[in-house]
Amino acid sequence: MSKKQKKVVLFSIWVAAMFAVTPAVNAMHIMEGYLPVKYCIAWGVISLPFLVVGFFSIKNKLKENRKQITLLAMAGAFIFVISSLKIPSVTGSCSHMTGTGLGAILFGPCAVSILGIIVLIFQAILLAHGGLTTLGANTFSMAIAGPLLSFVLYKLGNKLKINKRVTVFFAAFLGDLFTYCVTSIQLALAYPSAEGGVAVSAIKFLGVFAPTQLPLAVLEGIITVLIVIALETYAKPELIKVGFMKEAN
Amino acid sequence: MSKNKTTVIILLIIALLIIIVPVITMKGAEFGGSDDAGSVMVEEVSGSVYEPWFTPVLETFLGGEMPGELESLMFCVQTGIGVGIMAFIMGRFVERKKWLDKENTL
């Protein structure tokens with residue numbers, strides 16, 4: 001990162017820190033108008049540093065090597081497809097996956113936040129799905145928290161030398177699930193239960209999302225592994241450049 | 001390569017099963033969105049009907065909720081954009097590998 005970029009990043013972190021001090025802070029797609037205003041603003045501000053870092057990281061990566069745009073577009077398109085498919089689940093209701101695991105593994109969590117927010121804005125404006133006021137909260141859960149966990153798990157699996165495909169599976173699987181956990185917590189913070197407060201409320205919301213999302217999270221893990229196998233077969237040079245594969249194999 | 005193929009096929013079968021099994025086993029289920037279940041939960045937890053303070057831009061623009069058919073159209077557009085980009089790039093990759101392999105064997 002250049003000096004100027006670092007300054008902007010620092011500034012955005014500072015702004016976020018200011019807001020994080022506000023005690024009650026208040027996430028998969030929370031519906032339009034369903035979060036009180038202060039929570040909307042707070043989550044938006046917290047997401048800001050990630051978006052700024054992500055923007056610069058994408059810019060720098062492309063400057064370094066223009067050809068990476070193919071993989072980046074792939075990761076972005078993957079999110080587009082996956083998050084548009086509503087899939088029936090065992091609980092009798094439908095939900096959709098996030099698709100952010102692939103991008104997080106290839107480009108890191110911050111870059112994905114940019115890809116994720118594009119999808120979220122698309123859905124909020126054209127589909128009335130999610131919402132502009134809850135964009136900050138949804139960005140944080142789907143495009144930041146989930147990918148962040150995926151990325152950490154992927155790095156961890158690499159360090160422990162676990163089979164790469166197994167690692168990719170668990171990174172995508174748990175990243176998806178974590179997105180919904182964060183959503184539950186975000187909703188719980190805004191709507192604490194009358195008795196028991198935030199914790200009880202969080203468990204209740206989780207009770208709605210988790211059983212539906214569990215099989216879908218497994219599905220997301222599988223699809224991500226499939227696409228990684230495809231890329232490994234056909235896009236070796238690109239994967240080596242982003243550091244996913246080593247030159248030798 | 002053939003080991004890859006078996007993995008891919010097994011994974012595809014599992015993926016399909018995950019989608020199909022609920023549909024078959026849960027006959028008569030509604031398959032509504034879990035986002036909506038979330039709003040019901042909000043009412044239950046907070047103990048009062050919550051009045052959303054902001055309506056989606058599109059609904060304001062249309063003056064009401066979007067018809068179901070139109071909504072599925074928009075979702076298809078989203079899928080279409082995504083699949084289009086992926087297929088284009090993947091096609092280039094596949095073709096390139098063919099050329100590279102050919103050059104290497106020469």
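1. Is Leu174(A) buried or exposed, or partly exposed? Leu174(A) is partly exposed, because its relative accessible area is 30% (buried is under 20%, exposed over 50%, partly exposed in between, with a 1.4 Å probe and protein chains only). Leu174(A) lies in helix 7 of chain A (helices are DSSP runs of H or I, at least four residues, numbered from the N terminus).

2. The model is predicted: local features need pLDDT of at least 70, side-chain atom pairs count only at pLDDT 80 or more, and totals for chains, interfaces and linings use all residues. Residues are numbered from 1 along each chain as its sequence is written, chains are lettered from A and ligands numbered from 1 in the order in which they are written, and side-chain values use heavy atoms, without hydrogens and water.

3. Over all chains there are 7 aromatic pairs (ring centres of Phe, Tyr or the six-membered ring of Trp within 6.5 Å; planes under 30 degrees apart are stacked, over 60 edge-to-face, the rest tilted). Phe169(A) and Phe173(A) are stacked, because their centres are 5.7 Å apart and their planes are at 15°. Phe170(A) and Phe173(A) are edge-to-face, with 6.2 Å between centres and 65° between planes. Ring pairs join Phe169(A), Phe170(A) and Phe173(A) into a cluster.

4. Phe173(A) is buried, at 12% relative accessible area, whereas Phe170(A) is partly exposed, at 40%. Both lie in helix 7 of chain A, 3 residues apart, about one turn of the helix.

5. The charged end of Lys164(A) sits over the ring of Phe244(A), 4.6 Å from its centre (NZ of Lys or CZ of Arg within 6 Å of the ring centre and within 35 degrees of the ring normal). In chain B, Lys102(B) lies over the face of Trp99(B), 5.1 Å from the ring centre.

How values were computed: Helices (H or I, at least four residues) and strands (E, at least two) are DSSP runs, numbered from the N terminus.
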